[in-house]
Amino acid sequence: MTALELSDVTVQRGGRTLIEAVSCQVSAGELVGLIGPNGAGKSTLIQAIAQLIPYHGAMRWHGKPLEQLTARERARQIAYLSQDDRVQWPISVADLVALGRHPYRGGWWRGAGQTRAADQQAIEAALHATDVWTLRERASDTLSGGERARVRLARALAVEAGLLLADEPVAALDPRHQLEVMTVLRTQAQRGASIIVVLHDLTLASRFCDRLVLLNGGRVVATGAVERVLSAASLQQAYGIGAVMGEHHGQRYWVPWSVAPYV
Amino acid sequence: MLNHLLFLALLLLSVLSLRFGEAPLSLAEVLAALIGSGPEPHQVIVREIRLPRVVLAWLVGIALGASGAALQGLLRNPLAEPGLLGISASASLGAVLTLYFGLALVSPWLLPAAAMLGALLATLVLHVLTRAGSNNLTLILTGVALTSLAGALTSLALNLAPNPTDAQDIILWLLGSISDRSFDDVWLCLPFVLIGLALLFWCIPALDALALGEAEASSLGVDLGRLRTLIILGSALSVGSTVAITGTIGFVGLVVPHLLRRAVGFRPGPLLLASALGGAVLVLAADIAVRLPNSGREPMLGVVTALIGAPFFLTLVLRARRDML
């Protein structure tokens, strides 16, 4: 069942076209990898879907135009994890994750200390899902890069949104933390969420994603099953690289190999 | 818990403030005067001289503390304070101009009215220049420009003051004080302070969310443009109207949020209420301190808050530097 549908989405800024006529669909329970070289427009497309920047074209969420949602409805439906991993104040991990419940929060008269039972449940579930429960008392400025990545992911999960947009959540993480974060995303998709994740690592993309969308110069070069998108021709066209394919326990994976087509 | 302690301190200091002065009164005498019994002179001293002073200290402190906390949260810059936006300086300029042209003698309402007009004009400039698609940097730069301009014009007024008494009036007003104020002054600024505070407190959830940065805060439903407008307007109304009555009282808006930030777990939202109470505590304490020497001439309140504030600020810088090394 199609959850998110983009048709002819175009983003222009300062007279330049950053995203041109992108159309794609994401089903419920699907983990879609958004890949492409630097400057391809991956982050721009994610921000447009999150309704953070203006765009032309249509976006539908379960059949309803996204721009018709109120700010609060939209905030409850779409969780967005940006590339910028700074936290502005050294608030505690628990407080940070609780910010994911902002779309459910009332006015100032309801202090942050008195969170509703549903909020508390969502926060605890998110802390456990990303395995940061034991860090909950820590100040966010004392976390390592890997811990911070998981805590920020927990914040996004706490929204309990149907659509999760994650912009390079595994950049700058060591292999173990990369696997952990991707596994969390995989699990969330299995529970029914639609997830779009921006990735640079083709091996992780081929290993974890159900489908891939390959962007280059703001256009979709290839979309669909992993084998199709990571074909020698489209890898050469988009990245100018060749990759080797391997197989382990029936699962295929790709490893970037050469700056020329690999033969 | 923290807020309860601050409120308790505020009440204790208020009682102290009502007792202290040229004619020290006992607690019983103060209470009797408050409820309208006791000797006539005591009632006049407590209800017409000291009580407005206490209420003004509350209002000034609450406005400066809340606005400082809100601005630091909005700009995510620990150096932000109400003075940064040029609202205080513009309000001062309005007041100074009435003193310069001798209008303050025509009607007691003219000086605060002119100061509020100054604050309002500065707010309009800020709003127009930071309206569409702008960012925090535009806001800070506009504020710096407004502060410099208003400061230069104030200096010019001092420079060209027709006679030394005018110049002295201007200087004394600029130093900031809450002595010799009446309930007329309180009623004049109270509505603006209340509206301004309501706007600032309205922003508490959004300020919390802003800890995640602007993009993620927007994705959580925070309207950044509206948040900026609300905080500029709230600061202008509350701080502008109190500056109009008391003159410039420095460092409270900067120092108080810093003092309390750790105690509220660095959360920008809860910091707002704590800073409002803390600001009132600091101003009230400073106002008692200026009366302690009892040498006939009080040091001005604005001078004392800056005397407490500046060394504190230097230690803050030193500590930050040590953390970085």
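**Entry 1. Strands 1 and 4 of chain A**

I looked up how strand 1 (residues 2-13) and strand 4 (residues 56-61) of chain A are joined, and I found five bridges between antiparallel strands. I took helices (H or I, at least four residues) and strands (E, at least two) as DSSP runs, numbered from the N terminus. I counted two strands as paired if DSSP finds at least two bridges between them. The model is a predicted one: local features need pLDDT of at least 70 and side-chain atom pairs count only at pLDDT 80 or more, while totals for chains, interfaces and linings use all residues. Residues are numbered from 1 along each chain as its sequence is written, and chains are lettered from A and ligands numbered from 1 in the order in which they are written.

Within this pair I noted A:Leu6 opposite A:Met59 and A:Glu5 with A:Arg60 as its bridge partner in strand 4. Strand 4 also pairs with strand 5 (residues 64-65) of chain A, antiparallel, over two bridges. There A:Trp61 stands opposite A:Lys64. The hairpin of strands 4 and 5 has two residues between the strands, and A:His62 takes a positive phi near 50°.

**Entry 2. The four-stranded sheet and helix 1**

I traced an open antiparallel sheet of four strands in chain A, in the order 2-1-4-5. Strand 2 (16-27) and strand 5 are its edge strands, each pairing on one side only. Helix 1 (residues 42-49) of chain A packs on this sheet and touches strands 1, 2 and 4; its direction makes about 65° with that of strand 2. For contacts I used C-beta atoms, placed from the backbone, within 7 Å. For angles I used N-to-C directions, from 0 to 180 degrees, with axes fitted to C-alpha atoms, for helices over the stretch in contact.

Is A:Gln47 buried or exposed? A:Gln47, which lies in helix 1, counts as buried because it has 23 C-beta neighbours inside 10 Å. The cut-offs are 20 or more other C-beta atoms within 10 Å for buried and 12 or fewer for exposed, with partly exposed in between; the C-beta atoms are placed from the backbone. Leaving aside neighbours within four places in sequence, A:Gln47 is in contact with A:Leu52 and A:Ile53. A:Gln47 and A:Tyr80 are 33 residues apart in sequence, with their C-alpha atoms 8.2 Å apart in space.

**Entry 3. The six-stranded sheet**

I then followed the open sheet of six strands in chain A, with mixed pairing and the order 6-7-8-3-9-10. Strand 6 and strand 10 (219-224) are at the edges with a single partner strand each, so one side of each has no neighbour in the sheet. On average, neighbouring strands are turned by 15° against each other, direction ignored.

Strands 6 and 7 pair in parallel over four bridges, with A:Leu165 as the partner of A:Tyr80. Five bridges join strand 7 to strand 8, again parallel, and A:Leu165 has A:Ile196 as its bridge partner in strand 8. I checked the burial of strand 7: five of its five residues are buried, so the strand is largely enclosed by the rest of the structure.

Strand 9 (residues 211-216) and strand 10 of chain A are antiparallel over five bridges, and A:Leu212 stands opposite A:Gly224. Helix 6 (residues 175-190) of chain A packs on the sheet, touching strand 3 (31-35), strand 7 (163-167) and strand 8 (194-198), and makes about 155° with the direction of strand 8.

Leaving aside neighbours within four places in sequence, the contacts of A:Leu34 include A:Lys42, A:Ile46, A:Val197 and A:Leu215.

**Entry 4. Where the chains meet**

I found 25 residues of chain A in contact with 24 residues of chain B. On the chain A side, helix 2 (71-77) and strand 6 (78-81) are the elements that give two or more residues. Helix 2 gives the most, with three residues.

Key
Two residues are in contact if their C-beta atoms, placed from the backbone, lie within 7 Å.
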